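Colleague: I have a model open and would like to go through it with you. Could you take my questions in turn?

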2 protein chains.
Amino acid sequence: MNSKIKKATFEEIAEDLNSLDTDTVLVVVDSRVWQHYGESFQKEPLNLLNLKNKKVHLYKTLEGETTKTLLEFEKGLEFFLEKGIHRQCHLVAIGGGATSDFAGYLASSLLRGISWSVIPTTLLAMVDASIGGKTGLNSKHGKNLIGSYHMPVNVWINEAFLETLPPEELASGRGEVIKYGFLSQEISDLFKKKAKLSQVIEACARKKEEIVAKDFRERGERVSLNLGHTFGHALEKIYDLPHGTSVFWGMALIFKLWGNSDHLELLRDFEKGIGADFGNPPWLNKTFPVDKIIEYVEKDKKVRNNGIVDLVTIKDVGTFEKVPTSIEKVEEVLEKNKDDLRTFNF
Amino acid sequence: MNSKIKKATFEEIAEDLNSLDTDTVLVVVDSRVWQHYGESFQKEPLNLLNLKNKKVHLYKTLEGETTKTLLEFEKGLEFFLEKGIHRQCHLVAIGGGATSDFAGYLASSLLRGISWSVIPTTLLAMVDASIGGKTGLNSKHGKNLIGSYHMPVNVWINEAFLETLPPEELASGRGEVIKYGFLSQEISDLFKKKAKLSQVIEACARKKEEIVAKDFRERGERVSLNLGHTFGHALEKIYDLPHGTSVFWGMALIFKLWGNSDHLELLRDFEKGIGADFGNPPWLNKTFPVDKIIEYVEKDKKVRNNGIVDLVTIKDVGTFEKVPTSIEKVEEVLEKNKDDLRTFNF
C-alpha cells in the first residue's frame, strides 16, 4: 500500500484531484505557503478552490512547526467536523514536513481515518517528510511523540516551490539529502558528480519509498532513515536549529563517537557536493550539553525496553548499522568526550 | 489480528500482565472505578501497582464520557510522555466504553502507537465497546468523530465488576445486548429462554469478535453493529440519555419508520427477556425534534458521498439490511411521521 509519488505540474495535480473518488476535498495549507501561492492556487490550471464537481474546504495552518500542537490539532479537527464531512472525503496537505505531519494526523483521526495526499513545498518534505506516512505532533517532552502511521495516497512533487523557499530552509533540507548519500551508493555518486538538485530529489524520494515499502512500521530497515536523528532531535531543541541542519550535526556526532574519521570526511565531501555549508558545530567553544542531550534521548521514540536506544551509524556507504546502546553508555561516552567536543571541528 | 477475549479472574489477569513482553505497563483507569476498586487493585492477587519486574504508571481519567475531550487527551499524553516511555510499553484500560475509547486512542497516538489491552467494567463495554479496536473522542459536533482503529491485544472480562455498576448503567448496557438479539438467532434464543446474563455476555462478545474479524474497517458486515445507532447518537445528545438506552430508542425509530411492527414487538420481547425496562420513548408527548436529529445525522460518520447515510435495519433475526438513504429522504420521512411519533408507543 505505497503512495503514488510523482513529479507533477499544477495542471497534472489538478487533473489528479478532479479524478479523486470523492465529492469533497479538504485542503490543509501552511499559511506562509498560502501567502506566496494563494493567488496562483486560485486560478487555472490548478484552481484549487474551484475543482470540477467537488466541494473544497480550505484550512490554513500556523506556520511550520508552530502548528504541531494539540491545541491547533483540535482547531483543525473542529473546523472540518463543523462542515459535516464524511469518510470518503480526501484531505490534501500543502506545505513542508510540519504541515504534512499535522495534516496527516488530522486525516488519520477525522472519523477514525480518511484518505489523504501531499504536495510538499520544501526540499526537506520532498525528499523525506512527505513520504512514508509518519504523522505527528510535538509534545512538551519532545518532537513527534504523538501521532500515527497513515500512508498518503499521492505525493505530487513540484520543484517550482523551491524557488520561494527561504535559503535557511533550503540549507536545512540539504541536511536530510546528505543523509541519503550514506544510505545509497547511487545517491553518493550523484553528489560526487555534482548532479542537479532535481535529479537528487527524485533519487532520495525513490530511496525512501523503497525502504518504507519494505518496512512500514519501522521494525527493520526503516530505522536506517534515523541516521543523525537521535542526537539531531536533541540538538534541534537545545540550539533551536532547523531540522535538517540538526540532522547534519547529529550525523557528525554519531560518526565522531560511534563511527570513524572516514565518515566524517565523507560528510564534508557530501556537504560540498550538494552545495551546502553548515559551518561550525553549534556546540563549538561552548560547554557540551551532555545532560540536556541525555534528557531528550531518554524520551526518544527509539528507546526500547530497559533503556536501550538503537543508535544508527554506517559501516560503508549503502550499509547501515544499528547499535543498541544503553542510555548509561551513551551518557558515559558523551561525558568522556565532553572536553574534546568543545573544540571539535572537522 | 484479533484480540484474545476471555473471562478472567484477578489472578488470571495478573498472570497475563506479568507475562507481557514489556518492562513498563501504563494503566488508564476511570476514576470512579478506582474509587470502588482501587484498594483491591493494590493487593494480591492483582496487585496492579506492584507487578513482577515491571514499572507501572497509573493515570486516572475523569468519569465516563467527560474524559473524551482533546483537552483530557492532551493531559493523558503528556502524563505518560513525561515518564519517558518507549514503544514496547503496554497500556491497559480499566473502565467502561468511554475509558477504552479514550485509552485506546492514547495507545494508538503515543509514539505513533503502542500495544494495549482492556479490562471492561461495564456491561456495555463487555459486550461492545471494549471489543473491536474502535477508539475515539467526542467533538463539539458529535460523538466519536475523532479517533482511530487500534485493536487491543487482550480483553479480560470479569463480571464481578457488574456488582457495583449503577443500575442505570446496567440498564443502558442491556440496550446494546438487545441489539445482538436482532443480529444473531443464537442470542435471540438466549433471550427467549431467559438465559443468565453471564451466558449472554459471552455470546455477545463472541458475536462481535466474529463480525470484527471479518471486517475490521467497517466496509461490510461490521456496519450491522450500527443498528439503532444512527438515530441513537442523535437521541443521546438531544435527550442526554445513556448510550445503550439511546440505542434501544434508535432501534424503535428505525423499526417504526423503516422496518415493520413484528420487529417492534420483538424489541419489547427482547427487553423483557433480558430483564430490562426502558419505559416510554423520550419524545413521547413532546414535539418530535426533526431538525435536531437531522443536524446530528448529517455529521454522523456513516454519511457517505453526496449526503447518503447507510441506515441499518433488520430483514429477519440474524439478517441485517443496509438501506442507503439520502439525508433529504430521512428528513422527509421524519417530517411526515412527526405528529404520529408524538404519541407513538408500542
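Modeller: The discussion below takes up confidence, the chain contact, a sheet, a helix pair and some backbone details. This is a predicted model, in which local features need pLDDT of at least 70, side-chain atom pairs count only at pLDDT 80 or more, and totals for chains, interfaces and linings use all residues. Residues are numbered from 1 along each chain as its sequence is written, while chains are lettered from A and ligands numbered from 1 in the order in which they are written.

Colleague: What pLDDT does chain A average?

Modeller: The average for chain A is 94, and 100% of the residues score at least 70; pLDDT is the predictor's confidence in each residue, from 0 to 100. For the complex, the predictor gives an ipTM of 0.91 and a pTM of 0.92.

Colleague: Which rotation superposes chain A on chain B?

Modeller: A rotation of 180 degrees does so, with 0.0 Å of shift along its axis and an RMSD of 0.0 Å. That is the relation of a two-fold axis. The superposition is by least squares on the C-alpha atoms of residues with pLDDT of at least 70 in both copies.

Colleague: Which C-alpha of chain A is nearest the axis?

Modeller: That of Leu70(A), which is 3.8 Å from the axis.

Colleague: Changing topic, what is the strand order in the open sheet of chain B?

Modeller: The order of its 3 strands is β9-β10-β11, with antiparallel pairing; two strands pair if DSSP finds at least two bridges between them. Strands β9 (303–304) and β11 (319–326) of chain B are the edges, each pairing on one side only. Between β10 (residues 308–316) and β11 of chain B there are 8 bridges. Helix α10 (residues 243–258) of chain B packs on this sheet and touches β10 and β11 of chain B.

Colleague: At what angle do α6 and α8 of chain B pack?

Modeller: The angle between α6 (residues 167–183) and α8 (residues 197–214) of chain B is about 65 degrees, with the axes 10 Å apart. Axes are lines fitted to C-alpha atoms, for helices over the stretch in contact, and angles run from 0 to 180 degrees between N-to-C directions.

Colleague: Which residues meet there?

Modeller: Val177(B), Tyr180(B) and Leu183(B) of α6(B) meet Val200(B), Cys204(B) and Lys207(B) of α8(B). By class, that contact has 5 nonpolar, no polar and 1 charged residues.

Colleague: Lastly, which residues does the cis peptide bond in chain A join?

Modeller: Glu44(A) and Pro45(A), with omega about 5 degrees. Pro45(A) is in the loop between α2 (31–41) and β3 (55–61) of chain A. In chain B, the bond from Glu44(B) to Pro45(B) is cis, with omega near 5 degrees.

Technical notes: Helices (H or I, at least four residues) and strands (E, at least two) are DSSP runs, numbered from the N terminus. Two residues are in contact if their C-beta atoms, placed from the backbone, lie within 7 Å. Ala, Val, Leu, Ile, Met, Phe, Trp, Tyr, Cys and Pro count as nonpolar, Asp, Glu, Lys and Arg as charged, and the others, Gly among them, as polar.
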